[in-house]
Amino acid sequence: MTPWSNENLSPCAYAVPDHHDNPWPTPIQAGDDLDYFLPPPNPAERLHWILDPRDERRLALNATLTAAGIPPMPEDRAVIDQLSALPADVNTVLQRWLHHAL
């Protein structure tokens with residue numbers, strides 16, 4: 001059995017052809033600066049969906065619970081859905097209470 005050797009591998013054995021339609025970025029080189037800003041979002045590419053107010057309250061309540069250190073469990077979903085069905089002022093007060101509990 002002969003030992004493994006990389007002498008027969010050419011340096012371009014792993015190169016990806018440079019196509020303009022290639023969605024993958026070019027490999028990182030040793031001197032590349034990896035800290036850069038992302039481009040600003042393109043308003044034309046935004047999704048034009050409007051959330052139902054109940055869904056907005058549900059998402060806000062999930063975020064508030066998580067920020068308060070109370071990550072919702074899967075079995076809490078039914079209760080969160082019921083709380084989200086309450087009027088917006090009730091949901092606002094509940095979120096305020098949770099923010100003050102921090």
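Three salt bridges are counted, a salt bridge being a side-chain nitrogen of Lys or Arg within 4 Å of a carboxyl oxygen of Asp or Glu. The model is predicted, with local features requiring pLDDT of at least 70 and side-chain atom pairs counted only at pLDDT 80 or more, while totals for chains, interfaces and linings use all residues. Residues are numbered from 1 along each chain as its sequence is written, and side-chain values use heavy atoms, without hydrogens and water.

Helix α1 spans residues 53-67 and helix α2 residues 77-84; they pack at an angle of about 125°, with axes 8 Å apart. α1 is therefore oblique to α2 (angles under 35 degrees count as roughly parallel, over 145 as roughly antiparallel, 65 to 115 as roughly perpendicular and the rest as oblique). The contact (heavy atoms within 4.5 Å) involves Arg54, Arg57, Arg58, Leu61, Asn62 and Leu65 of α1 and Ile80, Asp81, Leu83 and Ser84 of α2.

Asp81 forms a salt bridge with Arg58, the closest N and O atoms being 3.9 Å apart. Asp81 lies in α2 and Arg58 in α1, so this pair ties together parts 23 residues apart in sequence. Arg77 forms a salt bridge with Asp81, again with the closest N and O atoms 3.9 Å apart. Through shared partners, the salt bridges join Asp55, Arg58, Arg77 and Asp81 into one network. Arg77 is exposed, at 57% relative accessible area, whereas Asp81 is partly exposed, at 24% (buried means under 20%, exposed over 50%, partly exposed in between, with a 1.4 Å probe and protein chains only).

Key
Axes are lines fitted to C-alpha atoms, for helices over the stretch in contact, and angles run from 0 to 180 degrees between N-to-C directions. Helices (H or I, at least four residues) and strands (E, at least two) are DSSP runs, numbered from the N terminus.
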